[in-house]
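Subject: Structure for your files, with notes

Hello,

Here is the structure you are taking over. My notes follow below it.

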Amino acid sequence: MEPASPGRPSRAAFLLSQLGAVASSRFAARTREIGLSPSDAGVIRLLGREPGLSQRSLADRLGAVPSRVVSLIDSLQERGLVERTRSNADRRNYELHLTDAGTAVLRELREIAEKHEAELLAPLNREQIAQLGFLLAQLAAGHGLDADLHRDVAREPVARESRVGS
């Protein structure tokens, strides 16, 4: 990247955006090959790390509306990857767990993620990869992001204008 000249920004944010778009697109293509969306993959990954989450807690962690999470879990349950069990602590809630098939898919996702990262970072040497990882983690922490979770960061809904009498 060429250094910023007076009056010209470094374009680092633009390049991060471009790389993020490329990374997301390529990861989505890889997960589609095994019949999953990136959202499916994120839920499976999170339940692998935190078995027993409730749907509400999962929605909160993902930054998604609960109804969206219900449909995600319904789909994963229909495919035999996730199961709901009544919570012993609060019988009104269900705990979410990966099935054996879900655990097998999680292992496959880990392999996909490793290949994906290796391909994306191939132009860098080990030292550069370590430095980039450190800097990105520092940026993520500085912006309050969870370095292990891709949240739904959709903007606030825009109020619609009323067109009464038009």
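In what order do the elements of the chain run from the N terminus on? The order is α-α-β-α-α-β-β-α-α, which gives 6 helices and 3 strands. Helices (H or I, at least four residues) and strands (E, at least two) are DSSP runs, numbered from the N terminus.

Two remarks on how to read the values. This is a predicted model, in which local features need pLDDT of at least 70 and side-chain atom pairs count only at pLDDT 80 or more, while totals for chains, interfaces and linings use all residues. Residues are numbered from 1 along each chain as its sequence is written, and side-chain values use heavy atoms, with hydrogens and water left out.

Overall figures

The chain has 166 residues, of which 23% are buried. Buried here means under 20% relative accessible area, exposed means over 50%, and partly exposed is in between (1.4 Å probe, protein chains only). Accessible areas come from the Shrake-Rupley method with a 1.4 Å probe; for residues, only the protein chains shown count as cover. Of the contacts in the chain with a separation of 6 or more, 51% are between residues 24 or more positions apart; a contact means heavy atoms within 4.5 Å.

Salt bridges

Side chains of opposite charge can pair when their charged atoms come close. The whole structure holds 6 salt bridges, a salt bridge being a side-chain nitrogen of Lys or Arg within 4 Å of a carboxyl oxygen of Asp or Glu. Among them are the following.

- R26 and E119: the closest N and O atoms are 3.5 Å apart. The pair links distant parts of the chain, with R26 in helix α1 (residues 12-33) and E119 in helix α5, 93 residues apart. R26 is partly exposed, at a relative accessible area of 38%, and E119 is also partly exposed at 38%. R26, R30 and E119 are linked in a network of salt bridges.
- R79 and D40: the N to O distance is 3.1 Å. R79 lies in the loop between α4 (66-78) and β2 (82-86) and D40 lies in helix α2 (residues 38-49), so this pair ties together parts that are 39 residues apart in sequence. D40 is buried, with a relative accessible area of 7%, whereas R79 is partly exposed at 35%.
- R84 and D74: the N to O distance is 2.7 Å. Strand β2 holds R84 and helix α4 holds D74, so the pair ties together parts 10 residues apart in sequence. R84 counts as buried because its relative accessibility is 19%; D74, at 30%, counts as partly exposed.

Surface patches

Patches are made of residues with over 30% relative accessible area and no salt bridge; like charges are joined within 9 Å, and nonpolar side chains (Val, Leu, Ile, Met, Phe, Trp, Tyr) within 5 Å.

The nonpolar patch on the surface consists of L16, L124, L132, L136 and L139, with about 370 Å² of accessible area together. Helix α6 (residues 126-142) gives the largest share of this patch, 3 residues. L124 sits in the loop between α5 (100-120) and α6 and is partly exposed, at 32% relative accessibility.

A patch of negative charge on the surface brings together E108, E111, E114 and E117. The place of a charge is taken as NZ of Lys, CZ of Arg, CG of Asp or CD of Glu. E108 is found in helix α5 and counts as partly exposed, at 35% relative accessibility.

Two single residues

Is T31 buried or exposed? T31 is buried, because its relative accessible area is 0%. T31 is in helix α1, and beyond its neighbours within four places in sequence it is in contact with L36, S37, P38, A41 and L109.

S39 belongs to helix α2 and is partly exposed, with a relative accessible area of 33%. Leaving aside neighbours within four places in sequence, S39 is in contact with R68 and L72. The C-alpha atoms of S39 and L72 are 7.9 Å apart in space, and the two residues are 33 residues apart in sequence.

Regards

Notes. Lys and Arg count as positive and Asp and Glu as negative; His and the chain ends are not counted.
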